Amino acid sequence: FIASINVNQDRVNVSNADLVPPQSWLLTVQAQQSLADWGSVTLSGFFEDITDIVDQIPIEGGGQAPGNVDAAERWGASTNLTLLLDPMGWQGLRIDLDAGYTRSKVIDPLTGAERPISDDDYLEFEATIRQDFSGTQWAAGIEMFYDEQRPSVRLDEISLNRPTRPFTRVFIENKDVWGMTLRGSVGNLNDRRIEFTRTIFDDRVANEVAFSEARSREFGLLIRLDIEGSF
C-alpha cells in the first residue's frame with residue numbers, strides 16, 4: 001500500500017492505506033482411479049468465491065494503486081496422469097502428465113465491465129518422460145511445460161507476457177554420488193521466447209490509445225547442475 005514508481009515501465013502507484021487481504025471460500029472435488037500396475041489418473045475441479053480481491057483501483061484525490069474489489073470468482077479443472085510401462089516390458093519407463101485450465105471473472109473497477117482477474121494463471125501443462133535404468137543408479141529423461149496468464153490490467157494500461165512455445169529440457173541423473181543425487185540438464189531446446197505487449201491508454205473507458213509496444217526476449221540454451229542430499 002506504499003507509493004511506488006517503476007521507472008522501466010513508467011508506472012506510478014500512489015499509497016492506499018485501506019488495502020486489506022483478500023478472503024475466499026474454496027470448494028474442491030477430486031476423483032482418483034488406480035490403473036493397477038499401469039499407474040493412476042486423477043481429475044480435480046474447484047470453485048473459489050473471493051471477497052476483497054486485490055486489483056488496480058482509482059484512488060480518491062487522483063492516481064491509482066493496488067486496492068480491493070468487492071467480489072470475484074475463479075473456477076477450473078485439472079488432471080494428473082501417471083503411466084508406468086513396466087507391464088509392456090519397458091522396465092523403468094514412467095510418463096507423468098499434468099494439465100489445468102482456469103477461468104475467472106471480476107468487475108473492472110474503472111469500466112464496470114466483467115473481465116478475467118488480472119494476471120491470473122489460466123493454462124498450465126507439464127509432461128515428463130523418465131527412464132530409470134534397471135540395476136544402476138542412472139536415470140534420464142525429458143521434461144516439457146507450458147503456461148499462460150491473463151492480461152495485466154491497470155487503469156491506463158493493458159499488458160501481457162506470453163511464451164511463444166513450451167519450454168523443453170533433457171536431463172541425466174545419478175542417484176548415488178557420494179550419497180547425493182546429481183542431475184545435469186540442458187533446457188530451452190526449442191528456443192522458447194517471451195513476447196511482451198503493452199497498450200497505454202489516454203482513456204481506457206473510451207478506448208483511446210496513446211501508444212502500443214511489443215518486445216521479444218530470447219534466452220538461448222540453459223545449462224543447469226542440481227545437487228541434492230543431506231550434509
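## Two loop residues

D191 sits in the loop between β13 and β14 (193-203); strands here are DSSP runs of E at least two residues long, numbered from the N terminus. D191 has a positive phi of about 55°, although it isn't a glycine. With a relative accessible area of 33%, D191 is partly exposed, a label for values between buried (under 20%) and exposed (over 50%), using a 1.4 Å probe and protein chains only.

Now for W178, found in the loop between β12 (167-177) and β13 (180-187). W178 isn't a glycine either, and its phi is positive at about 55°. W178 counts as exposed because its relative accessibility is 80%.

## About the model

This is a predicted model, where local features need pLDDT of at least 70, side-chain atom pairs count only at pLDDT 80 or more, and totals for chains, interfaces and linings use all residues. Residues are numbered from 1 along each chain as its sequence is written, and side-chain values use heavy atoms, leaving out hydrogens and water.

## The largest pocket

A pocket is an open set of points on a 1 Å grid over the protein atoms alone, where a 1.4 Å probe fits, with protein on both sides within 12 Å along at least five of seven lines; lining residues have an atom within 4 Å of a point. The largest one has a volume of about 300 Å³, meaning the space filled by probe spheres set on the points. It has 18 lining residues, and the closest to its centre are Q56, S118, D119, S152 and V153.

β4 gives the largest share of this lining, five residues.

Key. Helices (H or I, at least four residues) and strands (E, at least two) are DSSP runs, numbered from the N terminus.
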